[in-house]
Every structure is written in C-alpha cells, then in structure tokens.
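Please read the points with the coordinates open.

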Amino acid sequence: IEMDKKQLRNQMKQKLEEIALSPANKQTREKKLHRKILESDLWQDSKTIALTLSLAIELDTQPLIQAGWEQGKRIVVPRTLSNYQMEFIDYYPESECRLTKFGVKEPISGQEVSLEAIDLMVVPGLVFHPKGYRIGFGGGYFDRILSGFYGETCSLVFSEQFSNEWQPAEYDLPIHHIIC
C-alpha cells in the first residue's frame, strides 16, 4: 500500500530523531558516509560544492564543509527567498548566520553563486526511493532548484531512510548518486 508523502515524511522525522538520540552511534555512521564522499571522484573532481547547514536530525554537514575549506574548495549554501525560491551563496568560516522560520541556519549575506558554477550539489532529504528519488522537508525548494541544475547531485543517506512505499511524481528528479 502506497503511503502519502506527508505520512512518510513524519515517520522519517521520527526515525531520524531516534537515531539522533544515540549521538555516538550517529557520529560513527556519519563518519562512514563522510569518508565515502570525501574519497569519491565526485568530491575530488569538484571545485564548487553546494551543501546545506544541517539540522540536528540530519546527517551533520559541518565536517564536509570544513574538509572542503581545508582542500581549497568553494563552499556554497542555500538561502531561502520569497515564493519558495532559494539561491546559493558563498559560505566562509566567518559568515554570520541567522535562524529561518524553518529552524535552518542561513548566512545573512554573501555573494550569490550561479547554478552553472556549482559542480556538485549535496542534496538533503528525508525519504529516498531505491531509484534515487527523494522526499524533502515539504517546501519544494530543492525540487525547484534541481529542475534547472545540470551539475552532479548526491545525497548521503542512512539505510533507514530508504522506502519504496511511495511512487515519485512525474516532476520529481532523481539524485544522481546515493551514498549510503
């Protein structure tokens, strides 16, 4: 029986909160995923990488951001705009951030970066279909961005996040590389 996206989204938030309740276990699992992406050609061949500033229940992106800076990569992060739009801006250690109404940290200011300049976009999500499709947090921000992005995409996924109890919509775009 196919579940609706809202129901799957809520179930997955609960599962991720349970994972976060065991910080040592979560960190061990995150380190494996961090190592996989950092050692991949996908990461190595990219000069400009788009990452999010993760929520507590999500896979921690800070080690990837730090590694990118240490490797001389350009790190860009999303900033939400009106009408469910977002842009990517340069992110530096000294970037000042604020909390959005969604509880997400975003830089207050920064240079906008065109989608064409981004080599790799690490896309967040809650639920992942075995064919690479994803269910996000519900705002559609990344769905809109992905429709006009032609670089490489990847997502870092805990095994619990996979579900084939739903069917992607015709407008959904699969993530190119799922790292699990």
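The points that follow take the helix pair, then the pocket, then the cavity.

1. The model is predicted, and the points below should be read with that in mind.

2. Two packed helices are described by the angle between their axes and the distance between those axes. Helix H2 covers residues 23-39 and helix H4 covers residues 62-70; their axes come within 10 Å and cross at roughly 30 degrees. Because angles under 35 degrees count as roughly parallel, H2 is roughly parallel to H4. The crossing of H2 past H4 is right-handed.

3. The H2 side of this contact consists of His34, Ile37 and Leu38, which meet Pro63, Leu64 and Ala67 of H4. By class, the residues of the contact are 5 nonpolar and 1 polar, with no charged residue.

4. The largest pocket holds about 630 Å³ of space. It is lined by 29 residues, and those closest to its centre are Phe137, Gly138, Gly139, Tyr141 and Phe142. Two or more lining residues come from each of helix H1 (5-20), strand S2 (74-80), strand S5 (105-107), strand S9 (134-135) and helix H5 (141-146). The pocket lining divides into 12 nonpolar, 8 polar and 9 charged residues.

5. Rolling a probe the size of a water molecule over the atoms shows where empty space is left. How many cavities of 30 Å³ or more does the structure hold? The count is 1, and the largest cavity has a volume of about 170 Å³. Its lining has 15 residues, with Glu58, Leu59, Pro124, Gly125 and Leu156 the closest to the centre.

6. As for the class make-up of that cavity lining, 9 residues are nonpolar, 5 are polar and 1 is charged.

Terms used:
Residues are numbered from 1 along each chain as its sequence is written. This is a predicted model: local features need pLDDT of at least 70, side-chain atom pairs count only at pLDDT 80 or more; totals for chains, interfaces and linings use all residues. Side-chain values use heavy atoms; hydrogens and water are left out. Axes are lines fitted to C-alpha atoms, for helices over the stretch in contact, and angles run from 0 to 180 degrees between N-to-C directions. Helices (H or I, at least four residues) and strands (E, at least two) are DSSP runs, numbered from the N terminus. Angles under 35 degrees count as roughly parallel, over 145 as roughly antiparallel, 65 to 115 as roughly perpendicular and the rest as oblique. A crossing is left-handed if the near helix is turned anticlockwise from the far one by less than a right angle, and right-handed if clockwise. Contact means heavy atoms within 4.5 Å. Ala, Val, Leu, Ile, Met, Phe, Trp, Tyr, Cys and Pro count as nonpolar, Asp, Glu, Lys and Arg as charged, and the others, Gly among them, as polar. On a 1 Å grid over the protein atoms alone, a cavity is a set of points where a 1.4 Å probe fits but cannot get out, and a pocket is an open set with protein on both sides within 12 Å along at least five of seven lines; lining residues have an atom within 4 Å of a point. Grid points are joined across faces, edges and corners, and a volume is the space filled by probe spheres set on the points.
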